[in-house]
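These notebook entries set down what I looked up in one structure.

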Amino acid sequence: MRTDSIEVNHLSKEYKLAKKSVFALRDIEFNVKKGDVVGILGPNGSGKSTLIKVLLSVVMVDDIEMRFNGQKVGTKANNKAYLKDVGAIVEGNKEMMERLSAYENAKYYCRLRNVKFDKDYFEYLADILSLSEHDKQARYLSTGNKQKAALINAIIHKPSLVILDEPTLGMDVHCLSALESLINALSQEHGATFIITSHDLRFIERVVKRLICLRNGVKIYDGSLLDFNAQNFLYEISVQENIILKEWLKEQDFGMFSNNNSLFMVKNLGELSTVIQFVIDNEIDQNSITISKYDLEQQFKEST
């Protein structure tokens, strides 16, 4: 049985503004098992960044119970040992020494953490990220390669917990693919735990299996991505100028329709197959119907 990598209980953060108090986080509780990849979602102002900063001991709180690999975290001594085993990118910032190469940067960040540099591990990470320009100064790297090198800096010390806050900012499609490969490799092959926030919901949908959703500092959902998607409708059916199909869809128990009676939704492949079979049997013009996947982004907007 896998053990918990991190456990958080009774986390609240209150800010004093003039004569009133504002809660950025209110009684947040969750646990993440070793090797899990968890996405933290929420609109602006929901408490995501505050939560990440609390986990990294950047923002201190009065009320929290936190354990990391079974050990209580809270005192300065415990925080030091805990943070040494954490790798992080915060608010998309990917810092590095511009006049050092990617290889030299990785060695430098190991020295900062008082960790022995592992050349083979550096080459392993560089291979996953398709970073070949090891010896070129960072200031001469392309934006994509600089981002890859900065990712290596964040995890070169082999942390068991990796916190990525908006890691996809400024990334092109090739960098996103490389980041996805990195997360999969480290979580599945090395048991690293990932906590990720991102406004790129399509990326989140590809890499996580569990979501924690926040709204106004309160946790409103904590469960699997599959269950989150199953809460509502998964397929949209747009019908143009076909009264027979529209009337039939309105009569079905499985769908719901918009006010103009042209947009319908179904929950699963079985219901979708029923619709397609009706179209075939009644020789309905297939150009009058459009079927599309109801994705995480739409789901998330409606849930928060």
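**Entry 1: a single residue.** Is N105 buried or exposed? I found that N105 is buried, with a relative accessible area of 0%. For this term I used the cut-offs of under 20% relative accessible area for buried, over 50% for exposed, and partly exposed in between, with a 1.4 Å probe and protein chains only. The model is predicted, so I note that local features need pLDDT of at least 70 and side-chain atom pairs count only at pLDDT 80 or more, while totals for chains, interfaces and linings use all residues. Residues are numbered from 1 along each chain as its sequence is written, and side-chain values use heavy atoms, with hydrogens and water left out.

I then located N105 in helix α3, residues 102–112. Helices here are DSSP runs of H or I with at least four residues, strands are runs of E with at least two, and both are numbered from the N terminus. I also looked up what N105 touches, setting aside its neighbours within four places in sequence: M96, M97, L100, A138 and N153 are in contact with N105. Contact means heavy atoms within 4.5 Å.

**Entry 2: the chain as a whole.** I recorded 11 helices and 14 strands in the protein chain. Of its 304 residues, 47% are buried. Among contacts with a separation of 6 or more, 70% join residues 24 or more positions apart.

**Entry 3: a sheet.** I followed an open sheet of 4 strands, in the order β2-β1-β4-β5, with antiparallel pairing. Two strands pair if DSSP finds at least two bridges between them. The edges are held by β2 (20–33) and β5 (71–73); each has a single partner strand, so one side of each is left without a neighbour in the sheet. On average, neighbouring strands of this sheet are turned by 20° against each other, direction ignored. The axes are lines fitted to C-alpha atoms, for helices over the stretch in contact, and angles run from 0 to 180 degrees between N-to-C directions.

I looked at one pair in detail. β1 (residues 4–17) and β2 are joined in the antiparallel sense over 10 bridges, and V8 stands opposite F30 in β2. Helix α1 (residues 48–55) lies across β1, β2 and β4 (63–68), and runs at about 120° to β1.

**Entry 4: two backbone angles.** Most residues other than glycine have a negative phi. H10 lies in strand β1 and counts as partly exposed, at 32% relative accessibility. K158 also has a positive phi, near 60°. I placed K158 in the loop between α5 and β7 (161–165); at 43% relative accessibility, K158 counts as partly exposed.

**Entry 5: open space.** How much space lies in the largest pocket? I read about 470 Å³. The search used a 1 Å grid over the protein atoms alone: a pocket is an open set of points with protein on both sides within 12 Å along at least five of seven lines, a cavity is a set where a 1.4 Å probe fits but cannot get out, and lining residues have an atom within 4 Å of a point. Grid points are joined across faces, edges and corners, and a volume is the space filled by probe spheres set on the points.

The largest pocket is lined by 17 residues, and those closest to its centre are G87, A88, I89, V90 and R113. β6 gives the most to this lining, with 4 residues.

The second largest pocket holds about 250 Å³. Its lining includes G35, D36, N184 and R210. I found that α6 (173–189) gives the most to that lining, with 3 residues.

Entry 6: I found 1 cavity of 30 Å³ or more, and about 40 Å³ of space lies in the largest cavity. Which residues line the largest cavity? They are L151, I155, V162, L164, L179, L182, I183 and F194. α6 supplies the largest share of this lining, 3 residues.
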